[in-house]
Amino acid sequence: MLKAVSLLVVVLVVGVTIFDGVESRKTKRRIQESFDYSAISCRAHTASILDFGGVGDGATLNTGAFQQAVDHLSQYASEGGAQLVVPAGKWLTGSFNLTSHFTLYLHKDAVLLASQDIKSWPVVDPLPSYGHGRDTAGGRYISLIFGTNLTDVVVTGENGTIDGQGDLWWQQFHKKKLKYTRPYLIEIMHSDTVQISNLTFLNSPSWNVHPVYSRNVIIQGITILAPVTSPNTDGINPDSCTNTRIEDTYIVSGDDCIAVKSGWDEYGISYGMPTKQLVIRRLTCISPYSAAIALGSEMSGGIQDVRAQDITAINTESGVRIKTGVGRGGYVKDIYVKGMTLHTMKWVFWMTGNYGSHADNHYDPNALPEIKGINYRDVIAENATMAARLEGIAGDPFTGICMSNVTIGLAAKAKKYPWTCTDVAGVTGGVVPPPCQLLPAAGEGEGMCDFPAENLPIDNVELQTCSY
Ligand SMILES: *[C@@H]1O[C@H](CO)[C@@H](O)[C@H](O)[C@H]1NC(C)=O
Ligand SMILES: *[C@@H]1O[C@H](CO)[C@@H](O)[C@H](O)[C@H]1NC(C)=O
Ligand SMILES: *[C@@H]1O[C@H](CO)[C@@H](O)[C@H](O)[C@H]1NC(C)=O
Ligand SMILES: *[C@@H]1O[C@H](CO)[C@@H](O)[C@H](O)[C@H]1NC(C)=O
Ligand SMILES: *[C@@H]1O[C@H](CO)[C@@H](O)[C@H](O)[C@H]1NC(C)=O
Ligand SMILES: *[C@@H]1O[C@H](CO)[C@@H](O)[C@H](O)[C@H]1NC(C)=O
């Protein structure tokens, strides 16, 4: 038996030597564990952050080690790609950039700690579709993990942690002491085929996960936690992205759990890149001051074909909310929501046509958003203060609203009139309490307000089992 084991070890070591070279032999010794994970693609080469001088003591700054590791491993892009393993430990780091055909893998007890030395964070330009930073007019602190113009990139782990240590940033933001817009934990820009999975994100300085101008994005099995009073700690913000799937996520945050976006006022209109073909399923959200899913408020490039299913929200302001206003332009259309279970909500349904919050004073007052084809079905809510607050825009009503099979239990201290509706049009079926007159009953058809029959292409992407 012992012999067989040592033989196996020899075979493994020889195998590793032949296939992966010197670097990985060292790595293997240091990681001393094997693991499986699922990903869009597996990698031929492996290294550990230890191979690049990383120190996981929570005090040593590892920015250089991470950037050297990625730069070094980028040479394998055309030879089967590479994975960088981060072992157990606390890895203090500033921002670093990812590369193509690359996997960043965090061990379950690995914690990336974002540096709190604000002065050392590089500043990058505002996004072209926003024209400005979100906090201040000028640039933006680059995200902790950043990637642009990439193909085939994976950030995953066995629920390893990325801790933004946002407290200092939130204080500086409240004191209006920041020169630039706060960083996000991860931003992937202009990229194709992206996976972010099985990780925990803690205390982001601002938004957590921001795929932008990208396509074929899978975000799966992530936990996002931030104090519910922390400023703008949105969970996941798909922004001008096509073909995105977000599933099995648990988010507690100080802003919208998921905020679907596509650029801001005249900048978003001129950039003209929508978010479309987005699937969100099995989301659990706690966000007392914001929505489980917001569409907007920056939606000037358009939002189309969003399918949200099996959404649970607890102690959250509203369910799937539309936020827009005059000057935004763009559209929000073909939105499908099926299966929401909601406990303790202010408004189950909320649409806002006067959100304000402009990039600057140069927005076009004639740029009216088109809000059309908003479908909700199979909704159960308990302890809601109001059923709905639906406010379209005068002269630009929100149309094609459809609600079916909705049961809303109102709170003991509920408002007297559970529905308020202005400048909206649509139909309802099997909705309790009875809706406002602008949403008359139109029967209780089987498939009323249902999803389109065909899957989206992102639904057909299957993950492979990779091992190391
Ligand atoms: C990371 O990418 C950004 C944007 O392309 C760039 O400004 C920055 O210099 C890069 N950082 C490093 C360390 O290469
Ligand atoms: C990244 O892609 C965008 C959009 O295709 C392009 O405009 C930009 O020049 C590219 N940047 C680099 C550094 O290749
Ligand atoms: C991941 O870790 C977070 C934070 O510790 C925890 O709340 C969550 O349940 C874990 N998720 C899984 C799938 O183990
Ligand atoms: C990753 O998360 C998915 C979805 O939550 C889960 O099915 C899978 O078991 C997880 N994989 C690992 C390696 O933790
Ligand atoms: C119902 O909602 C109110 C807030 O409107 C909250 O204070 C109360 O705890 C909730 N009750 C239950 C049973 O969740
Ligand atoms: C109505 O919605 C509930 C869940 O909220 C679901 O269990 C039930 O099947 C739905 N009924 C119909 C007719 O679709």
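This is a predicted model: local features need pLDDT of at least 70, side-chain atom pairs count only at pLDDT 80 or more; totals for chains, interfaces and linings use all residues.
Trainee: Which backbone oxygen does the side chain of Arg245 reach?
Mentor: Look along the contacts of Arg245 beyond its neighbours within four places in sequence. They include Ile458, Asp459 and Val461. The side chain of Arg245 comes to 2.9 Å from one backbone oxygen, that of Val461.

Trainee: Is Arg245 buried or exposed?
Mentor: Use the cut-off. Buried means under 20% relative accessible area. Arg245 has 6%, so the residue counts as buried.

Trainee: How many residues does the largest nonpolar core have?
Mentor: First, a general point. In soluble globular proteins, nonpolar side chains tend to be buried together. Here, Leu84, Leu104, Phe201, Ile293, Phe349, Met403 and Trp419 have the most contacts inside the largest core. The size of that core is 95 residues.

Trainee: How many residues are in the second, separate core?
Mentor: Find some members. Ala39, Ile40, Val154 and Ile458 are among them. Ile458 is also in contact with Arg245. The second core has 13 residues.

Trainee: Which residue around ligand 1 has a polar side-chain atom 2.4 Å from an oxygen atom of the ligand?
Mentor: List the shell: Gln67, Asn97, Ile142 and Phe146. By class, that gives 2 nonpolar, 2 polar and no charged residues. The residue with its polar side-chain atom at 2.4 Å is Asn97.

Trainee: What share of the accessible area of ligand 1 does the protein cover?
Mentor: Take the ligand by itself. Ligand 1 then has 360 Å² of accessible area. The protein covers 42%.

Trainee: Which strand gives the largest share of the shell around ligand 6?
Mentor: The shell is Arg377, Asp378, Ile380 and Asn405. It divides into 1 nonpolar, 1 polar and 2 charged residues. The largest share is 3 residues, and they come from strand S26, residues 370-391.

Trainee: How far is a polar side-chain atom of Asn405 from an oxygen atom of ligand 6?
Mentor: Two residues of the shell can be checked here. A polar side-chain atom of Arg377 lies 3.0 Å from an oxygen atom of ligand 6. For Asn405, the distance is 2.3 Å.

Trainee: What share of the area of ligand 6 does the protein bury?
Mentor: Again, take the ligand alone. Ligand 6 then exposes 360 Å². The protein buries 45%.

Notes:
Residues are numbered from 1 along each chain as its sequence is written. Chains are lettered from A and ligands numbered from 1 in the order in which they are written. Side-chain values use heavy atoms; hydrogens and water are left out. A residue is near a molecule or strand if one of its heavy atoms lies within 4 Å of it. A polar contact is a pair of N or O atoms within 3.5 Å; within protein, one must be able to donate a hydrogen and the other to accept it, and residues adjacent in sequence count only if both atoms are side-chain atoms. Accessible areas come from the Shrake-Rupley method with a 1.4 Å probe; for residues, only the protein chains shown count as cover. Helices (H or I, at least four residues) and strands (E, at least two) are DSSP runs, numbered from the N terminus. Ala, Val, Leu, Ile, Met, Phe, Trp, Tyr, Cys and Pro count as nonpolar, Asp, Glu, Lys and Arg as charged, and the others, Gly among them, as polar. A nonpolar core is a set of buried Ala, Val, Leu, Ile, Met, Phe, Trp, Tyr and Cys residues joined through side-chain atoms within 4.5 Å. Buried means under 20% relative accessible area, exposed over 50%, partly exposed in between (1.4 Å probe, protein chains only). Contact means heavy atoms within 4.5 Å.
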